[in-house]
Amino acid sequence: MVIATLLLSFSLNIINHGNILIGVLNTLLLFFSIYFYIKFSHQKLSFTRFPQLGSPLAILIGAIPLFTRANDILILFFAIGFCGLILFYLTTRFKKISILIIVVYLLFVSLYASGLINPPFSLQPFLLIINDDWTNLYIAQMQTESMYMPYIIRSLLFNSSAHLYVMLSKMAGLFTLKNLYEALLIANIYPLVKGLTLDLKNWNKSKKLLIFCILLISLSMVVSRSVEITNTFLLLSPFLIYFVLRGLNSVNKIIYLALFVFSIVIATSP
Amino acid sequence: MFTKKILLILIFIAITARFIKLDWAPPHLSNDEIGAAYAAYSISKTLKDGSNEFLPILWQSHGGYGSPLAVYIPLASIVIFGNNDFAVRLPSAILGSLTIIFIGFLVKELTKNDKLALVTSFLLAVSPWHFSASRWALESNYALFFIVLGIYLFFLGLNKNKQWATVAGFVSFALSIYSYYTEWILTPLIVLSLIFFYRTTILKKKIYYFAILLFGILLIPIFVNFIQNMGSSRASSEFISKDIAIRRLLAEHPKPIEKGQIILKAMLDKYSSYSSLDYLFFNGAKILPKENPYQFGFFLTPFVFAFIWGLYKLKNHYKGNGSFIYFLLIISPLVASMTEGEINNWRSLPQLLPVALISASGTLFVWDFIKKNFWLKSLGIGFLLISFMYFFLVYFRHFPLQRAIGYQYGYKQIALYISEHYDEYEKIIIDQRFGDKNYYYIGVPSSYIPFYTYLDPVKVQNPKILPNGIAFAKYEFRNINWNGEKIRKNYLYVVPYDIVPNPKYNLKSVHEVKLPNWQPAFKLYSLAN
């Protein structure tokens, strides 16, 4: 079943891009994401069937647009590298060191993924959120309009911390339905939500890794004025696939299939 | 008990704040407000609206037809308090305040949990968007009140077997349809969902058959009127397919299946915007210009965590009623998603109801979780206080300064000047443009001026149509082109401040209207002696 999923993903990649390298990288990323799910839920890898998933529906995971439309080779390499590090964390005894490596790695790759560094090493500081002219202009205007207050209070109330609020707002805007269905298809939002709910019900300390990584990736991606949605979701792919696969076993198959057909209708819209 | 008292005091303060300085924030009656206010004034004097229609159901507004209660609700207030901003906005403030109270009753009826009821009322009371909507003569705010009241009465009737409540609930649902266009689709969906979710009880009792029949009968006049005005009504003019980008796509893809796909995708994209967390908790209230970082959502930002947690924990509080609230959450942005134009928070106002119920549920869980930890508790309360303080500052100070132009600020001030000097002029010519030379908007001074100057509505109902505007009584509302204008003695000319007359005309500025930020807005000229 895993092989069928990967083959489906690879075929769609070839159809979309006509480039074997991109196809291989995308398929590899999907494989690592599935492997993360298997490792994280303490199962053994089987290429002939999805662990815990009796349903052939799992093959449709191969049609997820995130792994069939991405074409930035560098970001795909980074995402695969991130999956490797996460898998290393799951298997190693040196948890603290591996977490440190993951954090440093994520901060580094997010500079590229968010467009703040153009390959190979061209820094784009004007893209930093703190350099947003509109925000800075309005901070100054809010201060000017508050002349009735003492200077210290004015500058305490209206200052560069507004950028943090903008970042949080952008973070909240990352996980819109549109972004999710463009990355995963509408049908897969259903198992994603199921998976999240199941994990919340069976919460344990190990799940903190998921929350930590999701927050870190999201936060490091919104330091740029123009948020690269696809790159963000590529870095988040092991966690997204984890929740989708976690929930896939408990979805109503007829509803899932109906949603899948609906997803295709939307995805193929002119 | 202490927490409950604090919450009650805070709710009381937030309700009181809805009535303070109604003529300052928002800074001026908006285009829609003045349309409804003038129609109400006209009906109160002549039983006819501005377009000479006798007691209209759907009244002719600027560029479309307005809903009935938008006019008939502020009518009494205008009769009592006169033609001013307070009178126009007072009913909205009252209904907004009552919504806060009835949402609490609704939660109490659904959960029997006093604390949750208070938290929900508190959440709505301090909601930036509800606060803002309650200070506007906003028909979608009237509709929200009738929906909340209708649902509360429905459950009162259902749980306590009170027949009057059931009937009154369905009457309230009908009134919500008379209040705003969003409810034309939303309310029937709510009614159908209530019938579906509680069918085992409803289908056994005759009173529900009667109430549903009454609901249908009450809607006959508005739908008959709608059909009569089909060509120009909003329902036919604001569908998403009228969006410029969508229209272009539809023209490029004439096949019916492709058209269906395009419209479906556009609706889904819009639904996504309306349901996103950044819209609901960071920038949906749209109080300041969109580039300004000091934005607010429907609810204060710290409640975003409570909402997420509430989504998961809702059923713990609401048990069997949880499905109905999830359903409300799903359908509340539906109608707004089907309409053209930018994201519009008026149309998505009904989202306040399910999001408040869910966030309140989450807030109670979060509170129970952190209440034993002094630091976490202080942090939570601190964030909440800071958010509210920012909102208060932004709303009462920066909002009027930064958004006055959008409200056609200045026409009221012009009217007040004219009221005092009306007899000094033979003719008053008012340019319909406002803004500045970078971009002039077209305003509706022909509604503002007669409203604030108490002009006899009969004179407005029979206007003279000019080639580039209209005229009634001493007024002409048209663009002023100084090069072609015949300057006469005892004429008053009102223009945007940067349309400066040629010095050869010897016109002197008799009055200047400034925006709240002290930038000039309009200048009034007459011939120097």
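Predicted model: local features only at pLDDT ≥ 70, side-chain atom pairs only at ≥ 80, totals over all residues.
Local features require pLDDT of at least 70, side-chain atom pairs count only at pLDDT 80 or more, and totals for chains, interfaces and linings use all residues. Residues are numbered from 1 along each chain as its sequence is written, with chains lettered from A in the order in which they are written.

The largest nonpolar core has 222 residues. Such a core is a set of buried Ala, Val, Leu, Ile, Met, Phe, Trp, Tyr and Cys residues joined through C-beta atoms within 7 Å; buried means 20 or more other C-beta atoms within 10 Å of the residue's own, with C-beta atoms placed from the backbone. A37(B) and V148(B) have the most contacts inside this core. Helix α7 of chain B (residues 139-160) gives the most to it, with 13 residues. Helices are DSSP runs (H or I, at least four residues), and strands are E runs of at least two. Beyond its neighbours within four places in sequence, V148(B) is in contact (C-beta atoms within 7 Å) with T99(B), F102(B), I103(B), L106(B) and L353(B).

In chain A, an unreviewed UniProt entry lists transmembrane regions that include residues 97-117 and 209-227. Such annotations may be inferred rather than shown by experiment. Residues 97-117 are 81% helix and 5% strand, with end C-alpha atoms 26 Å apart. For residues 209-227, the values are 68% helix, 0% strand and 23 Å.

The contact between the chains takes 27 residues from chain B and 22 from chain A. On the chain B side, α14(B) gives the most, with 10 residues.

Notes
Buried ≥ 20, exposed ≤ 12 C-beta atoms within 10 Å, placed from the backbone. Contact = placed C-beta atoms within 7 Å.
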